[in-house]
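Welcome! Please open the structure in your viewer and get ready to select a few pieces with me.

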Amino acid sequence: MSILKPYSSLLFLNNKYVGLVLLLITFTNPSVAISGIFSIFFTILFAELIEFKESYLVQGFYIYNSLLVGMGVGFLFSPSFLSIALIAIASAFTFMLSFMLNRLFSIYKIPILSLPFSIVTMFIYLASLKYSNLLSSLINNAIAYDIDLPLIISGFLKSLGTIFFLPSNIAGFMILMLVLSFSRILFVMALSGYYFGITLHSYFIGSFEQALYDPYAFNYILVAVALCGIFLLPTLKNFFLSLIGVAISVLLTDAIAILFNYYSIPVFTLPFNITVIVFIFILSITYYRGFNLEIKETPEASLSNYLSTVFRFGGTHLKLSLPFSGEWSVYQAFDDEWTHKGEYKYAYDFVKKKEGRTYVNEGLYAKDYYCFGESVLAPVSGYIVAARHDLVDNIIGEVDRVNNWGNYIIIKSDSGFFVEISHLMQYSLVHKVGDYVECNTIMAKCGNSGYSPEPHIHIQTQYLGVLGGFTQEFCFSEYIQERQLLFNCVPQKGEIIAAVIKDRSISSCLHFILDDVFEYEVYENDVYKSDVEFTVKMNNYSQFYLQDSEGNELYFYNDAKQFYFYNYKGKESHLKWLFKLAPRIPFVSSHKLSFVDILPIYLLKTKIQSALIEFLATLNQNIYKQERQYSFDGESISSKDGKVSLQAAHKGLTLISYNAIQLRRKL
């Protein structure tokens, strides 16, 4: 069934059923269909012949370019010994060219798209001008049977069909319905890209009707889909960006058509390839935030995955632990009124307060300040790359304008970014440059060195491991504020926040290993119904999940701070309810805390509701944000849907309760 993937890849969909339907649609032109099948066969045969070790069947772009070449040959020539021989040669070359270009382009994280097809097909068309024997099999590809539709509709459908060398209303309509059934976003982008491009083109050439007859207008469809839904996230901003791409492809299509017309070479997808590759290259080197970093089966799935990541886990923001224990107050936040400005705006200053003041007595001496001498903790795990601790702590009322940062320490985190903590107490560092520090371990003490009007902790993340580097945006992975446990947030000026105290007994309960089995008795209204087992499994991507006897899968992750579920595959089940009841379990030592989590839409809504919300989220992402309130007391997590309990003496969850259902663990 993996052979079907190249067909679905032509529409940027990753679904074998889509591939099967598209394969069947190609038989509206048997020559195209048969030639396409031959191209896949010869590509796989060649890959096996050269003992190609990579999973080329999984990577659809290694084959779909060969598929396009084969269908292109079938569009021109009827199947014959010579045309099949040409397909075999071209398929082998296309496969090698696809692999080579992918390796070269991957350096800059650029997709090869259908560029190998455009290059190879150009050579095929040029070479065929000399092959008189091959020209004898040249066929007239006028559609034998088609339906009549208004030109404004027919132009779009034929352009859509032309992507598969099937310029007919029937083929285009079937492809359009297939796209609509799997992705509403692709459907809208295909229509938007085509009609925007046609309208713009008509202004240039002076005829809307002539623009509708353009055989290369399918490039507008491909550009719009690629730039808003596939390589970029389907957002309103990227929608307008994709229209700019379509406008560029209009100019490229006409220019390339004039250039190629001398040798009667079709333009095919070259304008699409040039436009999208240039866009992705430019946006990648400028670190554009609208990139789709995890391309899923459909744009809807990609957007859902992105929004879940942003709302639940803080997105791609750098994440730090608080550099202290206990309760502290935010003295300066991001882009604040004093020193956190411009390139240095992403920084925090923290002080300790009691009864609204940061000091005792009259605050004349550094030792009068509550935070002076308090332990400074490592906010990340990593290596110390720079440090200083010989500067004297300032007398209150004076600042060191020469050594602005005072005593400091810079850590290169395991994730590759740098963290600087400044204004440390003189001679308080307990580590040296080159040492590796674990997150939350003591590194130094809070002081008053450098440009510091009073003792405080300054923390920032930066691009380089040098003193005073330009700052990067970050968030704190978790902290407590007024009995509310917050995740991946940025506190505001004046807020009092507290560091989380870890409870290792909770983490030990949830330390699942492969093939762990958890057995439960299922009760409904306190009446025994059946038994159920959850088994810990692992897939090929080293992702762990719980699986029940019906094959439903609940994916989980256990880090140093919390246990959480992040994906579910299957139908209605106890595992699906477990995701809703306990989406995350923090390793927090506290009597009772509340927190908010944002669950994936598919857990809470019907398929139709989910599809509508995902589509509307392209206009307003907050529509996707479905907040659920939870409370946790160290032994159970509760919500309006039910409760999940655990015991320190036993691994796993001991009770799962929802509606009138209870799953009681067999201990």
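How many residues does helix α14 have, and how far does α14 reach from its first C-alpha to its last? Select residues 270–285 to find out: α14 has 16 residues and reaches 23 Å, close to the 22 Å expected at 1.5 Å a residue. Keep in mind as you look around that this is a predicted model.

Stay with α14 and color its buried residues, which include Leu270, Phe272, Val276, Ile280 and Leu283. Following α14 you will find tyrosine 287, with a positive phi near 55°.

Next, select residues 30–49, which form helix α3. This helix has 20 residues and spans 28 Å between its first and last C-alpha, close to the 28 Å expected. Among the buried residues of α3 are Ser31, Val32, Gly36, Ile40 and Ile44. Just after α3, click on glutamate 51, which has a positive phi of about 55°.

Finally, show α3 and α5 together. Their axes are 8 Å apart and the two helices pack at an angle of about 55°, so α3 and α5 are oblique to each other. Their crossing is right-handed. To see the contact, display Ser35, Phe38, Ser39, Phe42, Thr43, Phe46 and Ala47 in α3, which meet Ile84, Ile87, Ala88, Ser91, Ala92, Phe95 and Met96 in α5. Color these by type: 10 are nonpolar, four are polar and none is charged.

Terms used:
Residues are numbered from 1 along each chain as its sequence is written. This is a predicted model: local features need pLDDT of at least 70, side-chain atom pairs count only at pLDDT 80 or more; totals for chains, interfaces and linings use all residues. Side-chain values use heavy atoms; hydrogens and water are left out. Helices (H or I, at least four residues) and strands (E, at least two) are DSSP runs, numbered from the N terminus. The expected span of a helix is 1.5 Å times one less than its number of residues. Buried means under 20% relative accessible area, exposed over 50%, partly exposed in between (1.4 Å probe, protein chains only). Axes are lines fitted to C-alpha atoms, for helices over the stretch in contact, and angles run from 0 to 180 degrees between N-to-C directions. Angles under 35 degrees count as roughly parallel, over 145 as roughly antiparallel, 65 to 115 as roughly perpendicular and the rest as oblique. A crossing is left-handed if the near helix is turned anticlockwise from the far one by less than a right angle, and right-handed if clockwise. Contact means heavy atoms within 4.5 Å. Ala, Val, Leu, Ile, Met, Phe, Trp, Tyr, Cys and Pro count as nonpolar, Asp, Glu, Lys and Arg as charged, and the others, Gly among them, as polar.
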